[in-house]
Structure formats: C-alpha cells, structure tokens
Amino acid sequence: MATTLALPRSDTAPAPLAHKAPALRHLGPNWYAAVMGTAIIANAGASLPYQLPGQRVACQLFWALSAAALAVLLTARAGHWIHHRDQARAHLLDPAVAPFYGCLSMALLAVGAGTLTVGKDLIGTGPAVAADTVLFTAGTATGLVMAVAVPYLMVVRHKVEPHQATPVWLLPVVAPMVSAAVGPLLIPHLPAGQPREALLLACYAMFGISLLATLLMLPLVFGRLIVSGPLPLALTPALFLVLGPLGQSTTAVNQLADMAPQSIGAPYAGAFDAFAVVYGVPVMGFALLWLALAAAMLVRAARRGMGFAMTWWALTFPVGTCVTGAAALARHTGLTAFAWLATALFLALVTAWLPAATHTLRGLASGRLLAAPR
C-alpha cells in the first residue's frame, strides 16, 4: 500500500479555515522532491556527452512537465498555508518534516536551470534568461534562509535524539550548493566586469556554505547508521540523499571553472580550472562508494517488503547530480570513463523516476498520498 512520509498530526484544534481545501491539509514540503526529480532528468540529459536523436526533445518535455508541476505545487502549497496554518506550523516544528523546506529552493533552482538549458529552445533565450533570473533569485534567497532557519529550529525547538539522524537533515544545507551549481548559467548573460565576478564568487561562497555544513552533518548520519543500525524500511531510499551534495558540488566546481575565464583574471581562472578536477575526482569516487552502500541497503529493504513512499523520489535528484558531475568531469578531463559513468547513472536515474512517478500518480488518483498520516 502506498504511504507518505510521516507528517505530524497537529495537537491543536483545526484552524477556522481548516474545513476549506481539505485535500491540502497534509500536503507537505516533501512534495517538491517530485519536481526536483523530474527537472533533473532534463538538466542531466542535456549535459550528457552522448546525445541521441530526439534526446533533447525528451529533455524539453521533462522540463515542461517539471515547470507545470512546480506551478501547480506552488499554488497548492500556498493554499495549504492559507487554509491550514496550524498544520503548516506543525510541519515546521516537526524535526522529521522541517528539513524538507529546503526542497522548495531546490525545486525552483532546478526548474530555472532547465529553463535556460533546454527551455530556451521553446520560449526563446530572452524569456528563458528572465525566467531563470527570477527562479534563481527566489530559490537562492529561500535556500539561504532555510539553511539557517531549519538548523536553528533543530537546535532551539526540536527535540532530537542521536538515533533520529537521517540524510533528510542534509536537505536545507544542500540548497545553497544547488545555487552554486546552476548560478554559472547566468554569468554569460551579465555585463562583463564586476557583475560577472560578483556572481562567480557568490557561487563559490555558497559552495563553501553547503560543503562545510554537509561535513558537519554527514558524520552524524553515518554514526547513527553504525550505532543504531539500518533506517526504517520506508526511509531507506533517503540514504541516496547523501549523493546530492557530492554530485552537486562536483557539478558546481566544474561549471564555475567554465565561467571563470569570463569573470575573473589570472591566476584565479587557472586555479579554479585545476580545482575542478582536483576536487571533483575524489569526491566522485566517494559518491560511487556511497552509491554502492545505499544500493545494498535498498536491496535489503526491498527484500524485507519495503513499499512505496514519497522517499522513493530520493532515488532521482541526487543521482541526477552525479550525472551532471560525471559529465562535467568527462568534459574537463577528456576521459571516456567519465562519459560512460554519466551515461550509466542517467539510465539509473530514468529507471528510478518511472516507478516513483507512476506510484505518485496512482496515490494522487486514489487520494492515499493526501490522506492523514497513520
């Protein structure tokens, strides 16, 4: 039976407007993961070293689907906050749900990047730049706020025990890394000089914010696995979330290195180019190690009867960031092995997206995914 991620029941009486839009009452921020997982197929597919006939058209279709899903979800989530403020506040105060507020930022950024990568073929470069500028600005601002607000709530309001640590905790601190990875797409459309340099260095600053925060969080997650054992079955796919900061940071340093010659002078441009490979290769190696560990745990959970949950979307976006990271390394190193790796990971991404999307649509049609959590 399809289940949702555990969302809290409010202990307070329903708000005066709670009788309105009842289907939205339990619509949590975790739903943005579906937008992220769809948009990354467009972005990753366009970045692959190997392009087949019709591949770009398929990427455009996934971008259009993700953009439509984002518009619908933003509207639905606005209705959630308007009609069910008590439940929305309960989500923020629940340590299992609050980290998913980082997904809003990443959904905006992923769709914005797709707009400028493949959407421009359909709507034109000018409108695509304008749309991405809006989405990048909103996504970056939201991501930076959540990177502070959610850890703050975890410290001062949430009651968290060590055994509760999961990769979901990474979501709010990964959002600035997504900004660092997609921000370079806008650099060529800025005036030369200070504007380009400012955005380049701002992206490097967000790279540092997310990387160092991830290095603080990841030992807690791995330590919990070692001390307390495997995650609950429904949460097992969340192990793939660790791939997000790894693949996205590799993508970021390579994308920034591409834009450095247009934005900053010597010797920094050359140093950034070298850093892209020196950093990216070992991090991609660790990503593959974690991918093998997470896949083994996923097989174990499947054998023990793991059913569908919205956590299945964790198998999409993080893997997609590894596709873009491997493709970027293939471009910078010239190694065919990285091109093969990117292609293999992309096939895994599409394979994971199909059941996640199918079960989500079935759950929506039946109403199970919008029902109150048990």
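**A walk through the predicted model**

Helix α1 is mostly covered, with 14 of its 16 residues buried, where buried stands for under 20% relative accessible area, exposed for over 50% and partly exposed for what lies in between (1.4 Å probe, protein chains only). This is a predicted model, in which local features need pLDDT of at least 70 and side-chain atom pairs count only at pLDDT 80 or more, while totals for chains, interfaces and linings use all residues. Residues are numbered from 1 along each chain as its sequence is written, and side-chain values use heavy atoms, with hydrogens and water left out.

Helix α1 takes in residues 32-47 and reaches 23 Å from its first C-alpha to its last, close to the 22 Å expected at 1.5 Å a residue, the expected span being 1.5 Å times one less than the number of residues. Helices here are DSSP runs (H or I, at least four residues), numbered from the N terminus.

Among the aromatic side chains, the count comes to 8 pairs, a pair being rings of Phe, Tyr and Trp (its six-membered ring) whose centres lie within 6.5 Å, with planes under 30 degrees apart called stacked, over 60 edge-to-face and the rest tilted. Phe62 and Trp353 form an edge-to-face pair, at 5.0 Å centre to centre and 80 degrees between the planes. Because Phe62 lies in helix α2 (residues 55-83) and Trp353 in helix α11 (residues 336-366), this pair ties together parts that are 291 residues apart in sequence. Both Phe62 and Trp353 are buried. Elsewhere, ring pairs link Phe207, Phe275 and Tyr279 into a cluster.

Val227, by contrast, lies in helix α7 and is exposed, with a relative accessible area of 73%.

Terms used: Helix = DSSP H or I, 4+ residues; strand = E, 2+ residues; numbered from the N terminus.
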